[in-house]
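This briefing takes up a few features of the structure shown below, grouped by topic so that each can be followed on the model.

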Amino acid sequence: MSLLPELRYPTVTELTSSARALAALRPGLCTLRRVGLSRAGRPLHLLSVGRARRAVLVVAGAHANEPTGGPTLLALAERVLSERELRDGTSWHFLLCADPDGASLHVTPAPRSLLEYHRGFFRPAGPEQPEWSPAVLPADRLPPETRALTGVIDELRPYLQVTLHGTDLGGSWVQLTRDIPGLAEPFAKSAAQSHIPVETGASDAAGWPASGPGVHVMPEPGAGMAYPSMPDDARHSTWYHAHRHGGLTAVVEVPMWASDLVDDPAPHPDPAAEIRRLAGRLLRDAGQVERVLAEASPRLEGVDGPLLRAARWALELVPGLAADWTHMPPADTTMAYVGSVDAFGRRLPLRAAAMLWRVLRERDDRAAPRLEHLVEVWSEAFAERFRARWVPLEHQVEHQSRTVVAAALHAREGAPREP
């Protein structure tokens, strides 16, 4: 019986309560312990099932705006407890939320539209994201959430780390730090069963080799990146920390709203020209937000909260990204890839506008209505352009759970067994 009977996006407090109840029900198999504190003093909890040396680590909540990982994590823990074969020589460990501070700021417990989603939107600036901070900060400046996560990896030495991510609108895909042979087939089957499109040309994995549709393998260190202006490199993130112990990381992405435009493998008639057009739109949209920020800046003197830092950071990415799109050859020439770039180009200014609007609204600033209008118009245009359809949460969770289990079973074939 599920400990979260009403399937919805739980808060970190609810996740912790459910994990504590699970540990109390099966004390011989489960433990719940604190493994660190956030910058604001919130606890980071790890739920463990089994004590075998060979381990799987599942991480939820690395990005505050990607809430599906929480209910997926609980569903996985319950499945591991009920299916003995999953525990055969393997322990499972679940980090309930890697960024509880961020989770407290993203306020969309049950969004019904992209507009409602963006009204409560928060995604931290890159240096404040637990998984990404090692890619942009020196080791002595890493946030405590990052140090807690890498400490858990060093303690458990997992053969597989899975981090549960999501996208607002699009399809599902997997990013691997090293290939997992055999994963592509069960991943595609699961997506089809849940009526979720496979994002075959994800811009997040632009130029990466694929071991199957939607299953992308990160290039080796030293390989060129499709977007050289981007400050963060996945190969310096915590995803690669598992490699120190012979493990690998799988990033499982699932959409809240699906679009069939992101799984079209047909060639685009003129991808370079279209991506240049999208670069121009990105600059124009970001410029509208920047003008509001410039006009309001004198009234924001002394304000330096996470929402404002994140909005500014998103805007700072735009010029370099637009230049990459304008001057670099397309990393992919399919309709799916161009659609993914289109979505990426809509997200950055929309997210910056949403977070800056929250800052100005809280201060009752006269510029807030201008941003509110942009958030409304851009959210509606995003949904209309991609013919967005809501993916029932139970389908998001089931697909993500099935993919995690498939990754664990296929990856452990090459993992050493406990002596």
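Predicted model: local features only at pLDDT ≥ 70, side-chain atom pairs only at ≥ 80, totals over all residues.

In H6, the buried residues are Glu145, Thr146, Ala148, Leu149, Thr150, Val152, Ile153 and Leu156.

- An α-helix has 3.6 residues a turn, so residues three or four places apart point the same way.
- Glu145, which lies in helix H6, has a relative accessible area of 1%, and is therefore counted as buried, the cut-off being under 20%.
- Although Glu145 and Leu409 are 264 residues apart in sequence, their C-alpha atoms are 28 Å apart in space.
- Just after H6 comes Arg157, whose phi is positive, at about 50 degrees.

**The largest pocket**

- The largest pocket has a volume of about 880 Å³, and 42 residues line it, with Arg123, Trp132, Asp204, Met230 and Phe344 lying nearest its centre.
- At least two lining residues of the largest pocket come from each of strand S5 (160-170), strand S6 (173-176), strand S9 (248-258), helix H9 (306-327) and helix H10 (335-362).
- H10 gives the most to this lining, supplying 6 residues.
- By residue class, the lining of the largest pocket consists of 25 nonpolar, 8 polar and 9 charged residues.

**The second largest pocket**

- For the second largest pocket, the volume comes to about 510 Å³, and of the 29 residues that line this pocket, Pro10, Thr11, Val12, Ala103 and Ser104 are the closest to its centre.
- Helix H1 (12-25), strand S2 (43-49), helix H2 (69-82) and helix H3 (100-105) are elements that each supply at least two residues of the lining of the second largest pocket.
- H1 gives the most to the lining of the second largest pocket, with 4 residues.
- The lining of the second largest pocket divides into 15 nonpolar, 11 polar and 3 charged residues.

**Cysteines**

- The count of disulfides in the model comes to 0.

**The loop between H9 and H10**

- Thr334 lies in the loop between H9 and H10, and with a relative accessible area of 16% this residue falls under the 20% cut-off and so counts as buried.
- The side chain of Thr334 reaches the backbone nitrogen of Tyr337 at a distance of 3.1 Å, which means that the pair falls within the 3.5 Å limit for a polar contact.

Note on methods. Residues numbered from 1 in each chain as written. Heavy atoms only, no water. Buried < 20%, exposed > 50% of the residue type's maximum accessible area, 1.4 Å probe, protein only. 1 Å grid on protein atoms, 1.4 Å probe; cavity = no way out; pocket = protein on both sides within 12 Å on 5 of 7 lines; lining within 4 Å. Points joined across faces, edges and corners; volume = space filled by probe spheres on them. Nonpolar A, V, L, I, M, F, W, Y, C, P; charged D, E, K, R; others polar. Disulfide = S-S within 2.5 Å. Polar contact = N/O pair within 3.5 Å; in protein donor to acceptor, adjacent residues only side chain to side chain.
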